[in-house]
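Hi,

Here is the structure I promised to pass on to you. Have a look at it first, and then read on for my notes.

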Amino acid sequence: MGRTMAEKVWDAHVVHRAEGEPDLLYIDMHLIHEVTSPQAFEGLRQAGRPVRRPDLTLATEDHNVPTLHIDQPIADPTSRKQVETLRANCAEFGIRLYPMGDAEQGIVHVVGPQRGLTQPGMTIVCGDSHTSTHGAFGALAFGIGTSEVEHVLATQTLPLRPFKTMAITVTGELPHGVSSKDLILAVIAKIGTGGGQGYVLEYRGEAIRALSMEARMTICNMSIEAGARAGMIAPDQTTFDYIRGREHAPTGADWDAAVERWQGLVTDDDAVFDAEVVIDGSALTPFVTWGTNPGQGAPLSASVPDPESFADEGERQAAQRALAYMDLAAGTLLRDIRVDTVFLGSCTNGRIEDLRAAADVLRGRRIDPNVRMLVVPGSMRVKVQAEREGLDKVFTDFGAEWRSAGCSMCLGMNPDQLTPGERCASTSNRNFEGRQGKGGRTHLVSPVVAAATAVRGTLSAPADLDPQPALVG
Amino acid sequence: MKAFSTHTGVGIPLRRSNVDTDQIIPAVYLKRISRTGFEDGLFAAWRADPAFVLNDEAYRAGSVLVAGPDFGTGSSREHAVWALMDYGIRVVISPRFADIFRGNAGKGGLLAAQVTPDDDELLLKWLENHPGDSVSVDLAEQRITCGPLSVAFQIDPYTKWRLLEGLDDIALTLRHADSITQFEATRSALLPTVGASAA
């Protein structure tokens with residue numbers, strides 16, 4: 001019987017297999033950052049263990065870094081201490097680090113792909129649940145806890161039980177104005193925050209094939225919000241074109257050999273998935289969340305649901321609690337929800353295409369006077385590229401703040417936070433209570449919905465805007 | 001890791017689904033570089049509400065947390081497990097755990113006991129109606145007892161064995177160091193490396 005892509009990658013990395021034990025899997029690339037690594041390094045020190053493969057380990061500073069005044073020391077002493085600890089650990093164990101201010105610094109899941117370190121068929125881990133992002137290249141990539149970080153540092157392997165596989169087939173063509181963010185939010189609303197639990201999701205179908213690499217990364221990034229540890233997309237010409245020419249990509253004859261190997265990674269025609277979900281991509285519309293978990297979403301054209309409309313008692317209670325926290329009344333049109341802040345950025349939607357898409361909406365327009373908008377590129381390279389294209393000027397002319405790279409307001413470990421009661425349209429990945437700052441209220445949206453919302457002040461799609469003023473050519 | 005065999009302690013009914021790790025410990029509490037002292041961050045936002053279950057004197061000293069489905073979703077932060085354990089929680093009971101949380105729990109010595117939705121509801125109801133009652137958990141027998149209730153729980157056999165023995169994962173893996181070296185010799189030369197440290 002044929003195998004799925006996930007099974008092929010898994011099988012190619014088994015170091016040790018024994019009855020009654022998890023498989024011991026080799027890890028091709030280990031990404032680390034300052035938040036989930038200090039206790040792992042401390043564990044190594046206490047046990048007198050070295051890092052087995054510093055050459056397969058890469059560190060970046062992202063969660064804590066401020067997005068303003070990055071030439072100065074971090075003001076928050078605990079954040080500074082954590083970042084300094086990463087620097088000391090990387091120096092001690094011989095690990096390459098991209099620190100704040102470095103041209104290669106950025107969110108760990110933006111840095112790997114942009115340097116060509118993320119390639120098809122690899123196993124990639126990081127102490128961060130959005131490691132699923134790298135699955136867009138046909139890599140098996142997943143988030144791990146700090147004990148596992150220590151384990152990978154010491155052994156370059158992880159003991160793991162095989163995942164089940166789920167095919168998510170998206171048929172048809174996404175309508176104009178519908179992005180991969182809308183698609184993944186619709187998938188999560190359909191299968192639920194626990195629907196992917198225990199599975200690797202493989203996104204397939206013509207709507208997926210038509211997407212750019214960056215759009216695919218957005219989808220795989222949020223696999224974890226459906227409960228799946230990993231999401232994957234089969235490598236194809238789009239993948240190869242993206243990787244080719246990047247620093248760590250193979251060259252010359254090696255490139256041809258690598259592509260040939262990658263082409264063999266796709267799921268066999270006769271492979272059987274443990275579960276299958278089919279979504280009609282052509283029927284999708286802009287999608288936003290109204291609640292406090294990523295599964296609590298609806299089309300932008302809909303209203304805040306009535307908790308009584310949920311058949312399941314648990315879902316009803318969760319919806320009631322969510323509406324209370326979000327300060328929303330059932331029946332309110334989502335388009336009428338007024339926001340205070342718009343956040344464009346994160347490992348979900350902080351790449352150059354995301355910034356371009358938003359800038360196209362904002363060009364020649366002015367921000368709603370009651371809204372503040374933060375634009376935070378996912379990496380310093382994205383920042384430089386955007387500035388080369390003049391996007392920074394579009395954002396600042398519009399009235400948005402143009403910042404330096406980091407995780408920023410996605411989780412508010414740096415000073416970019418919501419205040420209690422503040423409402424935000426955010427291109428990030430989690431609308432959990434307090435995620436963006438204590439008491440803050442989050443609506444997850446796509447980059448163009450974020451942009452249109454900043455114009456109107458209420459949750460909006462570009463189609464809701466008055467015609468764009470004629471652009472000065 | 002400390003071995004786990006049986007535990008008896010006050011049960012805490014947390015009637016919520018999707019208790020994500022941002023609720024268990026908000027990001028602002030993740031800045032420590034030590035492995036202990038995270039108890040002040042446990043459910044920090046919810047504990048500000050006087051009606052929250054851990055603010056009820058009867059449950060405050062509890063050590064067995066009974067929650068709704070999809071416990072531990074979201075961020076991979078192992079600090080969630082450390083915060084629960086630093087507070088004194090030794091067992092979390094739920095009908096469904098997020099994968100990464102369950103893995104982290106097993107590494108840290110926190111028992112994540114999966115029960116059926118019906119049994120979960122029975123435990124929640126009993127503890128809500130009998131504040132301060134104890135729950136006993138027997139890992140070898142995979143059984144939870146509480147008042148008149150006696151329910152089974154699920155845990156994968158490997159994690160169960162490691163918890164019972166208190167075994168360190170890295171030491172277990174290093175028994176296969178030769179296999180790792182052999183595997184490395186067969187890896188494709190085309191695979192990327194990050195190069196030497198810039199330091």
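Predicted model: local features only at pLDDT ≥ 70, side-chain atom pairs only at ≥ 80, totals over all residues.

**Chain A overall**

Chain A contains 16 helices and 19 strands. Its C-alpha atoms occupy a box of roughly 60 × 55 × 50 Å along the principal axes. The radius of gyration of chain A is 22 Å, which agrees with the value near 23 Å that a compact globule of 473 residues would have. Of those 473 residues, 66% are buried. Among contacts in chain A with a separation of 6 or more, 75% are between residues 24 or more positions apart.

**Where chain A meets chain B**

How many residues does each chain bring to the contact? Chain A supplies 79 residues and chain B supplies 60 residues. The two chains bury about 5,700 Å² between them, and carbon and sulfur atoms give 56% of that area. On the chain A side, A:Gln39, A:Arg96 and A:Gln197 lose the most area to chain B, and together they account for 11% of what that side buries.

The interface of chain A and chain B has 34 residue pairs in polar contact, counting pairs with both residues at pLDDT 80 or more. Which element gives the most to the chain A side? That is helix 5 (residues 146–155) of chain A, with seven residues touching chain B. Sorted by class, the side of chain A that touches chain B has 26 nonpolar, 33 polar and 20 charged residues.

Eight salt bridges cross the interface of chain A and chain B. One of them pairs the side chains of A:Asp28 and B:Arg187, with N to O at 2.7 Å.

**Salt bridges within the chains**

Over all chains, the whole structure has 47 salt bridges.

In chain A, the side chains of A:Glu92 and A:Arg45 form a salt bridge at 2.7 Å, N to O. A:Glu92 belongs to helix 3 (residues 77–93) and A:Arg45 to helix 2 (residues 38–47) of chain A, so this pair ties together parts 47 residues apart in sequence. Both ends are partly exposed: A:Glu92 has 48% relative accessibility, and A:Arg45 has a relative accessible area of 33%.

Also in chain A, A:Arg216 bridges to A:Asp236, and their closest N and O atoms are 2.8 Å apart. Here A:Arg216 lies in helix 8 (residues 213–221), while A:Asp236 lies in the loop between strand 11 (230–232) and helix 9 (237–243) of chain A, so the parts tied together are 20 residues apart in sequence. Are these two residues buried or exposed? A:Arg216 is buried, at 0% relative accessibility, and A:Asp236 is buried with a relative accessible area of 16%.

In chain B, B:Asp22 and B:Arg77 meet through their side chains in a salt bridge of 3.4 Å, N to O. B:Asp22 is in helix 1 (residues 21–24) and B:Arg77 is in the loop between strand 2 (64–67) and helix 3 (79–87) of chain B, so the pair ties together parts 55 residues apart in sequence. B:Asp22 counts as buried at 4% relative accessibility, and B:Arg77 is buried too, at 2% relative accessible area. Back in chain A, A:Arg3, A:Asp11, A:Arg17 and A:Asp23 are joined into one network by salt bridges that share partners.

**A closer look at B:Asp70**

B:Asp70 is found in the loop between strand 2 and helix 3 of chain B, and at 8% relative accessibility it counts as buried. What does B:Asp70 contact, leaving aside its neighbours within four places in sequence? From chain A there are A:Thr193 and A:Gly194, and from chain B there are B:Asn18, B:Val19, B:Ser94 and B:Arg96. With B:Arg96, the side chain of B:Asp70 makes a side-chain polar contact of 2.8 Å. For a sense of scale, the C-alpha atoms of B:Asp70 and B:Ile170, which are 100 residues apart along the chain, are separated by 28 Å.

Terms used
Residues numbered from 1 in each chain as written. Chains lettered and ligands numbered in written order. Heavy atoms only, no water. Contact = heavy atoms within 4.5 Å. Buried area = accessible area lost by both parts, 1.4 Å probe. Salt bridge = Lys/Arg side-chain N within 4 Å of Asp/Glu carboxyl O. Polar contact = N/O pair within 3.5 Å; in protein donor to acceptor, adjacent residues only side chain to side chain. Helix = DSSP H or I, 4+ residues; strand = E, 2+ residues; numbered from the N terminus. Nonpolar A, V, L, I, M, F, W, Y, C, P; charged D, E, K, R; others polar. Buried < 20%, exposed > 50% of the residue type's maximum accessible area, 1.4 Å probe, protein only. Rg over C-alpha atoms; globule rule 2.2 N^0.38 Å.
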